[in-house]
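User: I would like to learn how to read a helix, a sheet and a ligand site from a model. Can you take me through one?

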Amino acid sequence: MIKTKILIVGPCQAGKSTIANFLSDATEGSQGDYNPTQGIRILEFEVNNVLAGSRTVTAEVELWDVSGDHKYEACWPAIAKDTAGVVFVFSPDMANYDKELEEWYDYMERTAYIKDIQCLIFRHHRPGQNIVAGQSPLPSSMSRLHCVDTSLDDDGSTIRESFDSYISTLLTAMADKSEKEELSILQS
Ligand SMILES: Nc1nc2c(ncn2[C@@H]2O[C@H](COP(=O)(O)OP(=O)(O)O)[C@@H](O)[C@H]2O)c(=O)[nH]1
Ligand SMILES: [Mg+2]
């Protein structure tokens, strides 16, 4: 079992809590009226059969569903501490989504030192949105990151599959890093 702390961040009302509930199979607050997240919620769940380098493991994910509201900014350093990865969620029809997304990315890069491989972006589509692919570009500093178009109004399999393969990439990178460290200790 490998424990992994992942943040889910982005503008308010983008769908972060809905996606976090879906991934963790929680039903609380997943239907109906908008219920803004107060500060953060931490959801814990397991992802089975994750390929981490040459091993197949169970990942114990601690998913931190972070409020997009700047009034909780004082908590951001604690939130960013020791995070293994960050999932950015945005809704392409919201004004200023690119500016807000970039603020989160800059903060995580500066504070949590996250690298490209540790990032995943969900361009999340809610019902009734008429969005043409390619018409909602990412901020240029984020354009090389892996971005997936998501919706929960199909069966949500894109979200689950992208998340599981992201966890596998993360754990493989972590396994490679610890193998290299062991090797350098043995060689020194
Ligand atoms: N039907 C549907 N509603 C969604 C979807 N994603 C978000 N919503 C709704 O959009 C609103 C904002 O979602 P929420 O997850 O709370 O956003 P957050 O502020 O980013 O955590 C809520 O009322 C959700 O029920 C979706 O994929 N399908
Ligand atoms: Mg929320």
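Predicted model: local features only at pLDDT ≥ 70, side-chain atom pairs only at ≥ 80, totals over all residues.

User: What should helix H3 span, and how far apart are its end C-alpha atoms?

Analyst: H3 covers residues 97–111, and its 15 residues should span 21 Å at 1.5 Å a residue; the end C-alpha atoms are 21 Å apart, which agrees.

User: Which residues of H3 are buried?

Analyst: In an α-helix there are 3.6 residues a turn, so residues three or four places apart point the same way. In H3, Glu100, Leu101, Trp104, Tyr105 and Met108 are buried. They lie on the same side of H3, because they cover an arc of only 135° around the axis. Lys99 and Arg110, on the other side of H3, are exposed.

User: What covers the buried residues of H3?

Analyst: The cover includes strand E1 (2–9), helix H2 (76–80) and strand E4 (85–90).

User: How does E1 pair with strand E3, and over how many bridges?

Analyst: The pairing of E1 with E3 (residues 55–66) is parallel, with seven bridges. Ile8 is opposite Asp65 of E3. E1 and E4 also run parallel, joined by four bridges. There, Val9 has Phe88 of E4 as its bridge partner.

User: Which residues come nearest to ligand 1?

Analyst: Of the 15 residues around ligand 1, the nearest are Gly15, Lys16, Ser17, Thr18 and Leu152. Helix H1 (residues 16–24) contributes the most to this shell, three residues. By type, the shell holds five nonpolar, seven polar and three charged residues.

How values were computed:
Residues numbered from 1 in each chain as written. Chains lettered and ligands numbered in written order. Helix = DSSP H or I, 4+ residues; strand = E, 2+ residues; numbered from the N terminus. Expected span 1.5 Å × (residues − 1). Buried ≥ 20, exposed ≤ 12 C-beta atoms within 10 Å, placed from the backbone. Arc of directions from axis to C-beta. Contact = placed C-beta atoms within 7 Å. Near = placed C-beta within 6 Å. Nonpolar A, V, L, I, M, F, W, Y, C, P; charged D, E, K, R; others polar. Pairing = 2+ DSSP bridges.
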